[in-house]
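Please keep the sequence and structure in view while reading.

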Amino acid sequence: MKAKVYVNLKPGVLDPQGKAIQHSVELLGFTGIVDVRQGKYFEIALDGSLNENEARDSIARMASEVLSNPIIEDYRVEIEA
Amino acid sequence: MKFGVIVFPGSNCDHDAYHVISKHVGQPVDFVWHRDTDLSSYDAVIIPGGFSYGDYLRAGALARFSPVMTSVKRFAESGRLVLGICNGFQILCEAGLLPGALIRNRDLHFICEHVFVRVENSNTPFTNELEQGSVLRLPIAHAEGNYVCDEDTLKMLKEEKRIIFRYCNEAGEVTDDANPNGSRDNIAGICNRGRNVLGLMPHPERACEDLLGSSDGRDIFRSLAATLAAA
């Protein structure tokens with residue numbers, strides 16, 4: 001079983017790295033881009049001792065307490081069997 | 001009075017803080033390794049600058065799980081003095097001892113230069129030897145010093161006079177041009193409600209000798225010592 005956690009800056013929190021990336025890719029000729037937001041992605045391998053719901057709760061707690069800073073970031077958890 | 005300087009793996013301003021306390025404040029000071037948990041012999045602790053845990057995950061995010069931080073929380077709750085400088089400020093925010101967060105500088109650069117900050121509140125244990133509204137010249141050295149918080153927090157900080165330092169120009173005017181990193185409301189340093197925990201991005205411990213370009217930081221440590229001496 002595997003957990004995937006996506007962490008992104010909350011809407012409204014300035015993302016200067018995303019802005020720099022957007023600027024660079026536009027310089028390279030990529031068009032049609034409105035905004036780039038950079039986030040973090042975690043893959044967490046699980047040993048299967050928790051069922052899917054338990055794993056989701058556990059990883060969500062980890063995401064809110066450690067992997068993200070709730071003041072500036074949101075997170076999303078996916079569990080893969 | 002006795003000071004403790006907390007040392008995490010990756011702290012790199014611990015010796016500067018130690019030097020200032022022993023040489024300029026003239027008081028006993030120990031290094032406290034992050035695995036130690038006994039702070040009972042100290043009257044004030046300093047969480048120094050650096051790159052604790054290599055800034056992995058987020059600046060200050062992993063240091064807050066070090067064993068010593070549970071003791072630092074209790075230490076702060078007991079009303080004793082905690083000063084967090086640069087990475088120390090980031091750690092105090094991550095640990096929830098101060099509100100808000102410090103994110104990547106507005107222009108993405110690691111900024112290493114002297115800046116001016118204005119003393120917004122001289123009625124704290126860290127600033128009582130300073131004059132309200134006076135301007136200090138202090139160095140900054142950070143990539144994540146851009147202070148962010150929500151509207152309600154900013155309102156609370158203002159109402160409770162907990163914004164202690166703001167970036168300004170040489171004349172003491174708080175302007176966007178004088179804001180090096182994009183910090184909300186030019187905030188360079190804040191304290192907790194009890195006024196015994198202060199976090200700031202500039203490095204007063206690197207500005208205590210004229211030879212280093214400024215000795216304006218000395219008054220912050222003199223304030224600390226005066227507060228403890230009067231206690």
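Between chain A and chain B there are six residue pairs in polar contact, counting pairs with both residues at pLDDT 80 or more. The model is a predicted one, and the values below are computed from it.

**The contact between the chains**

- On the side of chain A that touches chain B, at least two residues each come from α1 (16-27), β2 (39-45) and α2 (52-67) of chain A, and by class this side has nine nonpolar, three polar and three charged residues.
- The contact draws 15 residues from chain A and 14 residues from chain B, and the area buried between the two chains is about 1,200 Å², with carbon and sulfur atoms giving 68% of that area.
- Of the area that chain A buries against chain B, 35% is supplied by P16(A), V66(A) and I71(A), which is more than any other three residues supply.
- One salt bridge is counted between chain A and chain B; E73(A) forms a salt bridge with R58(B), and the closest N and O atoms are 3.8 Å apart.

**The cavity**

- The count is one cavity of 30 Å³ or more, and the largest cavity has a volume of about 50 Å³.
- Its lining is made up of N69(A) and I72(A) together with A59(B), Q90(B), C93(B), E94(B), A101(B) and L102(B), and the elements that give two or more residues to this lining are α3 (87-94) and β5 (101-103) of chain B.
- The largest share of the lining, three residues, comes from α3(B), while by class the lining residues divide into five nonpolar, two polar and one charged.

Conventions
Residues numbered from 1 in each chain as written. Chains lettered and ligands numbered in written order. Predicted model: local features only at pLDDT ≥ 70, side-chain atom pairs only at ≥ 80, totals over all residues. Heavy atoms only, no water. 1 Å grid on protein atoms, 1.4 Å probe; cavity = no way out; pocket = protein on both sides within 12 Å on 5 of 7 lines; lining within 4 Å. Points joined across faces, edges and corners; volume = space filled by probe spheres on them. Helix = DSSP H or I, 4+ residues; strand = E, 2+ residues; numbered from the N terminus. Nonpolar A, V, L, I, M, F, W, Y, C, P; charged D, E, K, R; others polar. Contact = heavy atoms within 4.5 Å. Buried area = accessible area lost by both parts, 1.4 Å probe. Salt bridge = Lys/Arg side-chain N within 4 Å of Asp/Glu carboxyl O. Polar contact = N/O pair within 3.5 Å; in protein donor to acceptor, adjacent residues only side chain to side chain.
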